[in-house]
Amino acid sequence: MPHDALLALQTDHLKEIQLRYELALAAHGFDSLLIASGAAPYRYGDDQAWHFQGYGPFLHWTGLAGREHCWLLIRAGHKPVLWLFEPVDFWHASPSLTEEPWQDFIDVRSSASPKAPVLEHSGKLAVIGDPVVIEGVTGEANPEGLLRELDETRVRKTQYEIECLAQANRLALNGHAAAREAFLDGESEFGINLAYQQATGQREADAPYPSIIGLNEHAGILHYQYFDTRPRGQPRSLLIDAGVRFRGYCSDITRTTAGPYEEHFAALIQGLERLQLRLCGMVAPDVDYIDIHRKTHQGIAALLSATGLVSNLDDRDIVEQGITRVFFPHGIGHFLGVQVHDVAGKPTPPPEDSPFLRLTRRLEPGMVVTIEPGLYFIPSLLDPLLAGELGQYLNQPLISRLRGCGGIRIEDNLVVTEDGSRNLTREL
Ligand SMILES: [Mn+2]
């Protein structure tokens, strides 16, 4: 989408969320709302702060993920006011904002102080943000009911938000292509990460979440958090789960690649990808997201049978005996927005057999979700299964061979449309 068209959509976005926020404030008896962007805390016993990424509601309005100590005032019938923290400081940069149409909608004022603005005529005021930052600020701090309703304003994305998420996908896909190349060239996890950052033009700390880049058995560690600097002699597999933040909005994409001599593992990736595409095909209005999660387990069971990993057990039993949960222990996905696991996904708790499912709602147009089935060889889950009664149904020699490949996850980002879905990750 051309830049000007995106900026025009942003004005519509702001009008829409002004309306949503006014309704939420009225419903909870507030006249105005002060949002704190937040500030990074210092590491304990140290003079170094953690890397900062701003508070969700602040990003919902401004997209400014890296700006600390800013304050935004929302009032019914008034222009929002943004106090942009611009200290006189010879230690740090104070980048000025690029001129854009949203600054006609929001009154932007420079502030040399990190403190909350002194407000007049704000009526009954709610103040939301990190409790440490808003401590002592006049107004009701983080009112529970209002917070929940504000989360709800982020569930159905505006057209602007969808286009930002689409762009975050495009940028991340450049990184994924570069990462794959680096893997096939024999790079280490560290080297693959550098290739990803180079191609996306985004430093690691500014990404929506720490990239997960696992070679071989590391691909089976769901949130593997290190980058090994040693190239692996014979790389067997790469799992990379990495996104980009664009104007505040996140992508969250996972791809798995088999090494050159891994026919079994490559076939398993193909099978999981076919399943993933079928699951993406289920995304549509009125579909219960929990059903997509359940279908995933049925699909994993069928794949375990078809590839000979499990035999002499019908697919229904493979699910009911808990075997699929050993291979696929997490949820099928979550909401996506200015936070990678966006808010308001669980108005009701997940089913007992799926405690890690982050989204339990019926889908509606405008929702943006991930679809991310996985199939892993995780020793701490697999070994008790193999040693137990059900071990007889599992192909232990094949599992032994595949263990060193770690696992597979394939993840796309989809928007629910009026009559189905738009896959932001695969539309290019
Ligand atoms: Mn995800």
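Two strands count as paired if DSSP finds at least two bridges between them, and strands (E, at least two residues) and helices (H or I, at least four) are DSSP runs numbered from the N terminus.

Strand β8 (residues 237-242) and β11 are joined by six bridges and run antiparallel. Ala 242 has Ile 253 as its bridge partner in β11.

## Helices on the sheet

Contact means heavy atoms within 4.5 Å.

His 264, Phe 265 and Leu 268 of α8 make the contact with Leu 398, Arg 401 and Leu 402 of α13.

## The manganese site

Which protein residues are donors of the manganese ion? They are Asp 252 (OD), His 334 (NE2), Glu 372 (OE) and Glu 411 (OE), lying 2.1 to 2.3 Å from the ion. Donors here are N, O and S atoms within 2.8 Å of the metal (3.2 Å for Na, K and Ca), and water is not among the atoms, so sites may look incomplete. Along the chain, the donors follow the spacing D-x81-H-x37-E-x38-E.

His 334 lies in the loop between α11 (323-327) and β12 (368-371), and Glu 411 in the loop between β14 (407-409) and β15 (412-416), so the pair ties together parts that are 77 residues apart in sequence. Both His 334 and Glu 411 are buried (under 20% relative accessible area, 1.4 Å probe, protein chains only).

## Asp 228

Asp 228 is placed in the loop between β7 and β8. Asp 228 is buried, with a relative accessible area of 14%. Leaving aside residues up to four places away in sequence, Asp 228 touches Ser 188, Glu 189, Phe 190 and His 218.

## About the model

Residues are numbered from 1 along each chain as its sequence is written, and side-chain values use heavy atoms, leaving out hydrogens and water. Because this is a predicted model, local features need pLDDT of at least 70 and side-chain atom pairs count only at pLDDT 80 or more, while totals for chains, interfaces and linings use all residues.

Technical notes: Buried < 20%, exposed > 50% of the residue type's maximum accessible area, 1.4 Å probe, protein only.
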